[in-house]
Amino acid sequence: VSSADLINVASHKQRLWFIEKASTNAWYLGTSSISGAATKFTLGDKFRRGGKLQLIGTLSQDSGDGLDDVLCFVSSNGEVVVYQGGNPDDPNDWSLVGVYRAGAPIGNRALIRVGGDLGILTERGIISVQQLMQGGVATAERQAITDKIDPGIIDAFKTYGTNTGWEMVVHERTRQALVN
């Protein structure tokens, strides 16, 4: 794969993972590598609602960096595919946790780390991946990180949703999430 075709990167279990734009392919490097040959990991059959791979991130059950960390792949149609383990080449160290349904993400930078959790900026607000995994989309939306400002996000999405540049970042010092 050409590096020009790679978007979004995540570090998981000492591996760098990348998304190939306009596809359902993720690519990963060898353990502790920052360059070299990448290996393809296809997610197309996991996206039951279709779409392309859009976001990737690591979620931790205990807010740390350890054995309970899982890797989350998010499709353009809002499906979240979660894997546990560290080596996708070893079936004893790589397994599917589940496929969860959320709202469609807004943009290619619609994922932030909140403690050990991941927040996804969707057309219906910012939802927690942990809540999505525990109670489904209805629970995640009802208890959304942004439940008090969701009407503003939904209105902004209706007005500006097709514009490029949607992005979320965390301002660590003030512990704020900023949505552009």
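View 1. Glutamine 14 sits in the loop between β1 and β2, where strands (E, at least two residues) and helices (H or I, at least four) are DSSP runs numbered from the N terminus. Its phi is positive, about 65 degrees, although glutamine 14 is not a glycine. Lysine 13 lies in that loop between β1 and β2 (15-20) as well, and its phi is near 50 degrees, again positive in a residue other than glycine. Glutamine 14 counts as exposed at 55% relative accessibility, while lysine 13 is partly exposed at 27%. The cut-offs here: buried is under 20% relative accessible area, exposed is over 50%, and partly exposed falls in between, with a 1.4 Å probe and protein chains only.

A word on the model: this is a predicted one, so local features need pLDDT of at least 70 and side-chain atom pairs count only at pLDDT 80 or more, whereas totals for chains, interfaces and linings use all residues. Residues are numbered from 1 along each chain as its sequence is written, and side-chain values use heavy atoms, with hydrogens and water left out.

**View 2. The open sheet of four strands.** The strand order is β1-β2-β3-β4 and the pairing is antiparallel; two strands pair if DSSP finds at least two bridges between them. β1 (6-12) and β4 (39-42) are at the edges with a single partner strand each, so one side of each has no neighbour in the sheet. From one strand to the next, the twist averages 30 degrees, taken between N-to-C directions of lines fitted to C-alpha atoms (for helices over the stretch in contact), on a scale from 0 to 180 degrees. Zoom in on β3 (residues 25-28) and you'll find it paired with β4 over four bridges. Tyrosine 28 stands opposite threonine 39 in β4.

**View 3. Two nonpolar cores.** A nonpolar core is a set of buried Ala, Val, Leu, Ile, Met, Phe, Trp, Tyr and Cys residues joined through side-chain atoms within 4.5 Å. The largest one has 24 residues, and Cys72, Val80, Val82, Ile120, Leu121 and Val129 touch the most other members. Among the elements giving it two or more residues are β5 (53-59), β10 (117-122) and α1 (129-142). A second, separate core of 16 residues includes Phe41, Leu53, Leu71 and Phe73. As for leucine 121, its contacts (heavy atoms within 4.5 Å) beyond four places in sequence include Ala104, Ile126, Trp166 and Val179.

**View 4. The salt bridges.** Searching the whole structure turns up two of them, each being a side-chain nitrogen of Lys or Arg within 4 Å of a carboxyl oxygen of Asp or Glu. Aspartate 45 pairs with lysine 46, with the closest N and O atoms 3.3 Å apart; aspartate 45 is exposed at 59%. Glutamate 167 pairs with arginine 109, with the closest N and O atoms 3.9 Å apart. Glutamate 167 is in the loop between α2 (150-160) and β12 (168-171), and arginine 109 is in the loop between β8 (94-101) and β9, so this pair ties together parts 58 residues apart in sequence. Glutamate 167 is partly exposed at 26%, and arginine 109 is exposed at 53%.

**View 5. Serine 60, a buried loop residue.** Serine 60 is found in the loop between β5 and β6 and is buried, at 1% relative accessible area. Leaving aside neighbours within four places in sequence, serine 60 is in contact with Asp68, Asp69, Arg113, Gly116, Asp117 and Gln130.
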